[in-house]
Amino acid sequence: MTRLGRLTAGVAAATVLCLTASGCVTVHGEREVLPGATESEAAQALKDFTDAYNAADRAYDPALDADRVTGSLGAINQAGLKARQTYSPDGNKSHKPLELTDATYVIPKKAGWPRWFLADTDSNRDVDGGKLDTRWLVVFVRSGPDALWKASYLGVVPASQVPEFTLDGDGLATPVEPQGGKLIVEPADLSTAYTEYLQKGTPDVFAPGTATSQWREARRTTRRTGFSYQYVDQPLGNGTFGPLGLRTEDGGALVFFSSKHFERQVAAEGLKPEVNADVKALMTGEVTNTLTKERISSQLVHVPARAESGDSGGRVRVLNRLPGLVAAKGQ
């Protein structure tokens, strides 16, 4: 079902950005600006993804949805299924089918490939009505005319946090250029800015919150007798991990981007880091006194426009962060 009003605006966050110097990639000489998908194609892609996701979750078998996920969502999904398959080889005894309904499709226009769209949906993983009611924003990407649609990003936000988006006369969304010069932080720079902020506190362009200032403080104050903690954050912004963004009517943009995070725990002599089932399933090496966890994370943010005076015009707000363990190493 299409609700080009509220959701087009809110879901507009789904436009996948092309990160080439010239803008978007063209294939076979295709330069005509076209909608990323038809509504029927979008609806079929959402169904195919949901069916594959449920089959994989029921069996704890990453192979069953490997061709329907990509990017940060794919990395998190595949690692999680691999881990659970290791310690639950008979599958998921508590499987509850995921349902994504009330879908609105926000479709940007662009030339060439890859193409994309965003599905703004209601899941059966929340409580309908009230503060706990959320929308699942799923970005789908297709790399070529013969390729499958794959889900690359997921953002879970209250409906009230889905802004109004810039649409043309045909109801198509407006993608954000990687380096357009009109935002306080350009989409191509978000991953680097975020990881540098987590490491050093600068650039100070992010609004306070659980995924920014509070996370830095939690790291700083983590204490456990006999253990030390180290954190390394790395940008992740190329290929299938590239940022996606759409223009909002306030002049800013709603953008998805990815990042990578390492947490190292070192134990004093006679002590040993704890290893849970998920970590053990994804771990290489053997833990003696050191354990390093590797996570991939996707962030959904609202980026304000750059003020004409040159001032920042506001701060980047992290609306949702989705992290997942993808590897571990014991030493």
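This is a predicted model: local features need pLDDT of at least 70, side-chain atom pairs count only at pLDDT 80 or more; totals for chains, interfaces and linings use all residues.
**Exercise 1. The four-stranded sheet**

Work out the order of the 4 strands in the open sheet, and explain why one side of each edge strand has no neighbour.

*Solution.* Let's go across the sheet strand by strand.

- Step 1: The order is β2-β4-β5-β6, with antiparallel pairing.
- Step 2: β2 (100-106) and β6 are the edge strands; each has a single partner, so one side of each lacks a neighbour in the sheet.
- Step 3: From one strand to the next, the twist averages 25 degrees.
- Step 4: Zoom in on one pair. β5 (residues 134-142) and β6 are antiparallel and share 8 bridges. Within this region, F140 has A151 of β6 as its bridge partner.

**Exercise 2. The helix across the sheet**

Describe how α2 lies relative to β2, β4, β5 and β6, and list which of its residues are buried.

- Step 1: α2 has 21 residues and spans 31 Å from first C-alpha to last, close to the 30 Å expected at 1.5 Å a residue.
- Step 2: This helix lies across β2, β4 (115-123), β5 and β6, and runs at about 140 degrees to β2.
- Step 3: Its buried residues are A42, A45, L46, F49, T50, A52, N54, A56 and D57. They pack against α3 as well as β2, β4, β5 and β6.
- Step 4: Check what comes after the helix: Y60 follows α2 and has a positive phi, near 50 degrees.

**Exercise 3. Helix α3 and the largest pocket**

Identify what covers the buried residues of α3, then find which element gives the most to the lining of the largest pocket.

- Step 1: α3 (residues 71-87) has 17 residues and reaches 25 Å between its end C-alpha atoms, close to the expected 24 Å.
- Step 2: Its buried residues include G71, L73, I76, N77 and G80. Their cover includes α2 (39-59), β6 (150-158), β9 (253-267), α6 (277-281), β11 (290-303) and β12 (317-330).
- Step 3: The largest pocket has a volume of about 580 Å³. It is lined by 28 residues, and Y53, I76, N77, G80 and R84 lie nearest its centre.
- Step 4: At least two lining residues come from each of α2, α3, β5, β6, α6, β11 and β12. The most come from α3, which supplies 7.

**Exercise 4. Two partners for β12**

In which sense does β12 pair with β10, and how many bridges join β11 to β12?

*Solution.* Treat the two partners in turn.

- Step 1: β10 (residues 283-285) pairs with β12 in the parallel sense over 3 bridges; here M283 stands opposite A328.
- Step 2: β11 and β12 run antiparallel and are joined by 12 bridges, with I296 facing G324 of β12 as its bridge partner.

Terms used:
Residues are numbered from 1 along each chain as its sequence is written. Side-chain values use heavy atoms; hydrogens and water are left out. The expected span of a helix is 1.5 Å times one less than its number of residues. Buried means under 20% relative accessible area, exposed over 50%, partly exposed in between (1.4 Å probe, protein chains only). Contact means heavy atoms within 4.5 Å. Two strands pair if DSSP finds at least two bridges between them. Axes are lines fitted to C-alpha atoms, for helices over the stretch in contact, and angles run from 0 to 180 degrees between N-to-C directions. On a 1 Å grid over the protein atoms alone, a cavity is a set of points where a 1.4 Å probe fits but cannot get out, and a pocket is an open set with protein on both sides within 12 Å along at least five of seven lines; lining residues have an atom within 4 Å of a point. Grid points are joined across faces, edges and corners, and a volume is the space filled by probe spheres set on the points.
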